[in-house]
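This report describes a few local features of the structure shown below, moving from the backbone to charged pairs, a pocket and the surface.

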Amino acid sequence: MKKQIILTLVIALMSVFQGLAQEWLVPDDQKTLTNPSEYNLSNVKKGKDLYMKNCKSCHGDPGKHNGLPLVPAPPDVVSEKMQNNTDGELHYKITKGRGGMPQFEITISDDDRWRLINFIRNFDPSREQLLVDAPPKKAKLLASVNEVEKKVEIFAEVEDANGSFVTLTDAAVKISAKKAFGNLPIGEVLTNADGRAEYKIPETLIGDENGMVNIVVQLDEAYITDNVVLDAAKVGQLKPQPKLIKKEILWSTNENIQTWLLLSYLGAVGAAWAAIAYVVFQIFKIWRLGKE
Amino acid sequence: MDKVKSPEESRKLLDKITFDLTRSIVKRDEFTNFWYFLLIIFALVGLWGWGIQIRDGLGVTGMRDYVSWGMYIANFVFFVAVSLIGFLISSALHLLKIKWSKVISRVAEQVAIAAVALAGIIIVTDMGRPDRFLNVFLHGRFASPIIWDVTVVTTYLTISVLLYYLPLIPDLALLRDKGTDDIPQWKRNIYRILALGWKGHAEQYKLIAHAMRILMILIIPVGLSIHTVTSWLFAATLRSGWDTTIFGPYFVAGAFVAGVAAVIIVMFLYRTRYGLKDYFEDYHFNMMGKLFVLVCLVYLYFNINEFLVPGYKMKTAESIHLSNLFTGKYSTMFWATQFFGLLLPITLMVNKYFRKPVPITIISVFVLIASWFKRYIIVIPTLEHPFLPVQNVPENFQHYAPTSIEIMITVFSFMAALLIITVLAKMFPVITIWEYAEEKGISREIISEPKK
């Protein structure tokens, strides 16, 4: 009974805090701050880069509502919840953070934090949208691995207005290694004027037991292509084999069984069954005596 | 040994002994049929349950990811425990030259054979894919206590069968030669074959004595191993409640308690059903009672060690387990097993009156049931606490309750064990005739002389 009362109290308290959680109070003097950095394309673009680096991992892609499932959830930048903040409120929240939202007071300069706000405002319906993402274009991506020189050679083409494919220049190509739990990003290159790029695979990349790596080559989201997967390229280092279970241990498999254990087991079993066999032989002798 | 009697007296006495001890073989009345009917029906119901389990898989049991050993394993441990009595009575007491136990050794071997055979079968019922049973032998891991257990169970079964068979040979010859016509012909045919042409030569007796001696010595390490290794199945893990160093002797001591109880019950049934009052005398029950108290005291000592010491320390995980036993979900079962399985038999049986056949049998029934539940308590509560930080686990992973299929198969195992004992009692004398006759001063020549 007592337990239940305590439990109810705890739940009640928690919902109070939960209620507080909705309200993120910002001091009045902070609320009314205005954004010193101008709302222009250059600032919005810089803000976007900052956002991609620092915020996207939790807040997700603008408009896609694909943020991390945290409680409370990191709101999408296009959401009303985000946009209803004044510039001053946004600035305060980004600077100080709360709970799952880290503070960026130290890691991002004040100027850049204001630029981030410019980027957020790019999605404010009451403002002109400066940075518009073009609809993704169709592209072709070819890639191969040069195992001797340990590099990935890439060639990309994009569909132009007439529907024919032309070389794709200055496009970012992402290279990653396929691992058991997803792709490990290992680098990025830009295509040159011929639509070509070369990526030198780092020496430190670790492959499987035979040094094999499955390499994934992809363009960013502005293009529609299939990712190129280069299976079993021998470009990595050999995966270190832990010796942990390779040596003789008491509970090991038969290949690594401890000799003394095997001998004791076989010795005991052998001795017991030899004795049994001997007894059976006595029975046989009894039978032979009976025939005489 | 009584003083040597005249040949005439001897022959008459031997006839009487043979007559009494073959009563179990000859007797076949309505009750016998009913008893067989009962056993076979229940065994069949159990086999039917097993069929369902093989068809649908182990999901029909209450076992889930955490409690992956349930009633089957508890039952297995119980049967291994009961089987250990063969080692105690027909070997250890024999080698100590204790006379009174001789009459009982065949009963003990019957119980041992039935119990260890069923222990093996129960393990197969616990398998999801019994058709892969042979893989245990083909691909077993020598470093695994499970392989040790399989090895030692088969070895013990073989030795028990031999220990049962060897002293039976002269009896079989005796029945072949002197058996009355009441014994069905087919049984006598079997005796003729199994008697191996026994003629009662001194040489043959010597061979039997020699072979018996080897077996009795051999069964000591094997018998101790069978239950010690069974305990290692548990003790070789890090789980609270199992992670203790005294599990080996603790199991062996507990096994003697269960086994003595089982043997007393069977003795009593033979005594009343086959009119063997002069063979399983009050004296034997009295002595068994004393042995019973002794093994109970040893087991009590181990129980105190097993629970008092960790209870004193109450290590984090251990304390969850222990309070679950002492005051929690399993407290009723726990205290009931301690009371009926240990305290009650000890306090009652130090008194001579309670060592009389009827009271001691009733006590044995309680002890045997308590021993079964004791095994349940050893296996299940520990598994219900995996002590891992687990989340989002279905409710039914965390608790275990046997399903009706499991109960059916467990009932099958009891019935099958009783069936084995019954068939052995119906086929062969329940007391070694020739040893008993010799004890009464009848010479070997007379025992092995053919019927006139």
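## Backbone of a loop in chain A

His65(A) belongs to the loop that runs between H4 and H5 of chain A. In this model, which is predicted, His65(A) is not a glycine, and yet its phi is positive, at about 50°.

Pro72(A) is likewise placed between helix H4 (56–59) and helix H5 (80–83) of chain A, in the loop that links them. The peptide bond that joins Val71(A) to Pro72(A) is cis, with an omega of about -10°.

## Salt bridges

Over all chains, the search of the whole structure gives 19 salt bridges. One such contact pairs the side chains of Asp28(A) and Lys31(A), with a distance of 4.0 Å from N to O. Because Asp28(A) and Lys31(A) are three residues apart in helix H2 (residues 28–31) of chain A, about one helical turn separates them. Side chains of opposite charge can pair when their charged atoms come close.

## The largest pocket

The volume of the largest pocket is about 1,100 Å³. Its lining is made up of 30 residues, of which Lys48(A), Asp133(A), Asp220(A), Glu221(A) and Ala222(A) are the closest to the centre of the pocket. Two or more lining residues are given by each of three elements of chain A, namely helix H3 (41–54), strand E4 (172–179) and strand E7 (212–219). Among the contributors, H3(A) supplies the largest share, which amounts to four residues.

Considered by residue class, the lining of the largest pocket consists of 14 nonpolar, three polar and 13 charged residues. Considered by domain, at least three residues of this lining come from domain 1 (24–121) of chain A, and at least three come from domain 2 (137–234) of chain A.

## A nonpolar surface patch on chain B

Which residues form a nonpolar patch on the surface? The patch is formed by Phe31(B), Phe34(B), Phe37(B), Ile41(B), Val45(B) and Trp48(B), which together have about 630 Å² of accessible area. Phe37(B), one of these patch residues, is located in helix H3 of chain B, an element that covers residues 30–56.

Note on methods. Residues are numbered from 1 along each chain as its sequence is written. Chains are lettered from A and ligands numbered from 1 in the order in which they are written. This is a predicted model: local features need pLDDT of at least 70, side-chain atom pairs count only at pLDDT 80 or more; totals for chains, interfaces and linings use all residues. Side-chain values use heavy atoms; hydrogens and water are left out. On a 1 Å grid over the protein atoms alone, a cavity is a set of points where a 1.4 Å probe fits but cannot get out, and a pocket is an open set with protein on both sides within 12 Å along at least five of seven lines; lining residues have an atom within 4 Å of a point. Grid points are joined across faces, edges and corners, and a volume is the space filled by probe spheres set on the points. Ala, Val, Leu, Ile, Met, Phe, Trp, Tyr, Cys and Pro count as nonpolar, Asp, Glu, Lys and Arg as charged, and the others, Gly among them, as polar. Domain bounds come from an automatic or database domain assignment. Patches are made of residues with over 30% relative accessible area and no salt bridge: like charges are joined within 9 Å, nonpolar side chains (Val, Leu, Ile, Met, Phe, Trp, Tyr) within 5 Å. Accessible areas come from the Shrake-Rupley method with a 1.4 Å probe; for residues, only the protein chains shown count as cover.
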